[in-house]
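Student: I have a new model open and would like to talk it through. Can we start with how strand pairing is decided, and then look at the sheet?

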Amino acid sequence: MISSKSMGYWRIIEPILLGSIANIVINFIFNPASPDFILEEFFIAIVFAAMLTEINRIIDFRLERKLSWTKNLGKRFLYQLVYLTAALLVVINIIGNIYTWVIGDGFYSLKELLIINLCVFVVALLFTFFKWSAHFYKNWMNAEHSLKDSAKELNELKSEFYKSSNQIELQKANSILQISAKDINFVKSDLGVVWVYYDGTKAVFNGSLLSLMELLPRHLFFLATRNTIIRQETILSISPSTYGKIDLKLKDIDNDNTSITISRLKAASFRRWRNSSSN
């Protein structure tokens with residue numbers, strides 16, 4: 001992506017290159033055997049080139065608001081050329097002739113004006129093509145990055161969605177059973193034992209709380225404290241607590257009215273999870 005700093009540099013470099021190249025080409029055409037490269041002429045050419053590039057920049061800015069390249073390519077190209085030609089006629093033929101008349105050099109002949117206009121127009125058009133190419137390249141790169149980011153988000157969403165059907169292996173007494181992740185209501189770690197509550201009963205998960213959290217869909221479950229995982233639908237009420245904490249009241253789980261306090265450090269992530277899960 002082209003930065004504003006790079007665009008600022010190009011704004012300075014463009015008239016210098018345009019004026020210098022156009023001046024060199026014109027001098028070679030007028031006197032191919034022995035072209036004159038006078039510093040003052042270069043300076044004047046750069047000044048006129050700066051006028052032209054600034055006018056072209058204004059034209060480009062105004063056209064971009066009305067005729068986007070992505071929607072009206074042909075029409076935008078035509079308008080850009082017409083306005084560029086008009087700007088060239090004003091800067092070279094009117095302002096340029098006034099300048100030569102003021103300094104006492106008289107007026108350019110029709111042939112000289114045609115050569116100067118044609119040379120400047122071709123060079124200016126080449127620079128315009130270069131800017132258009134940079135514009136399209138920047139948009140293409142932005143689109144590529146957006147596409148990759150969207151694909152990554154989509155894969156993450158798919159992964160979280162499929163987690164809802166994950167089968168979680170639990171142990172109840174001497175039996176091993178499997179339940180779907182979406183059937184879990186609440187998880188609590190007590191003295192190193194991870195209890196999973198589901199359908200009015202509970203069983204043990206043979207692993208850590210964090211490893212179980214990795215198996216659960218993030219849009220449904222949240223690691224509320226170091227020893228509890230809550231589910232979105234089990235939250236009855238949310239109220240602010242002291243020092244930026246959040247108090248939660250959960251539905252009855254195993255005949256126990258469960259209240260949980262979200263720490264200040266987790267409060268922001270809880271709100272994001274709650275809002276995203278509610279949408």
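Tutor: Two strands count as paired if DSSP finds at least two bridges between them. Keep in mind that this is a predicted model.

Student: OK, so which strands form the open sheet, and in what order?
Tutor: Three strands form it, in the order S8-S9-S10, and their pairing is antiparallel. The edge strands, each pairing on one side only, are S8 (235-240) and S10 (259-262), and neighbouring strands of the sheet are turned by 20 degrees against each other on average, if direction is ignored.

Student: How many bridges join S9 to S10?
Tutor: Strand S9, residues 246-250, is joined to S10 by four bridges, and Lys249 has Ser259 in S10 as its bridge partner.

Student: Switching topic, what is in the largest nonpolar core?
Tutor: That core has 25 residues, and those with the most contacts inside it are Leu18, Leu52, Ile92 and Val120. Helices H1 (4-30), H2 (39-66), H3 (73-102) and H4 (110-163) each give two or more residues to this core, with H4 giving the most, eight residues.

Student: And what does Leu18 touch?
Tutor: Leaving aside residues up to four places away in sequence, Leu18 touches Ala49, Leu52, Thr53, Val120, Val123, Ala124 and Phe127. Another core, of 19 residues, lies apart from the largest one and includes Phe205, Leu212, Leu216 and Leu220.

Student: Zooming out, what does the secondary structure of the chain come to?
Tutor: The chain has six helices and ten strands, and buried residues make up 35% of its 279 residues. The chain exposes about 17700 Å², of which carbon and sulfur atoms supply 61%.

Definitions and conventions
Residues numbered from 1 in each chain as written. Predicted model: local features only at pLDDT ≥ 70, side-chain atom pairs only at ≥ 80, totals over all residues. Heavy atoms only, no water. Core = buried A, V, L, I, M, F, W, Y, C linked by side-chain atoms within 4.5 Å. Buried < 20%, exposed > 50% of the residue type's maximum accessible area, 1.4 Å probe, protein only. Contact = heavy atoms within 4.5 Å. Areas by Shrake-Rupley, 256 points an atom, 1.4 Å probe, with all protein chains shown as cover. Axes fitted to C-alpha atoms, helices over the stretch in contact; angles between N-to-C directions.
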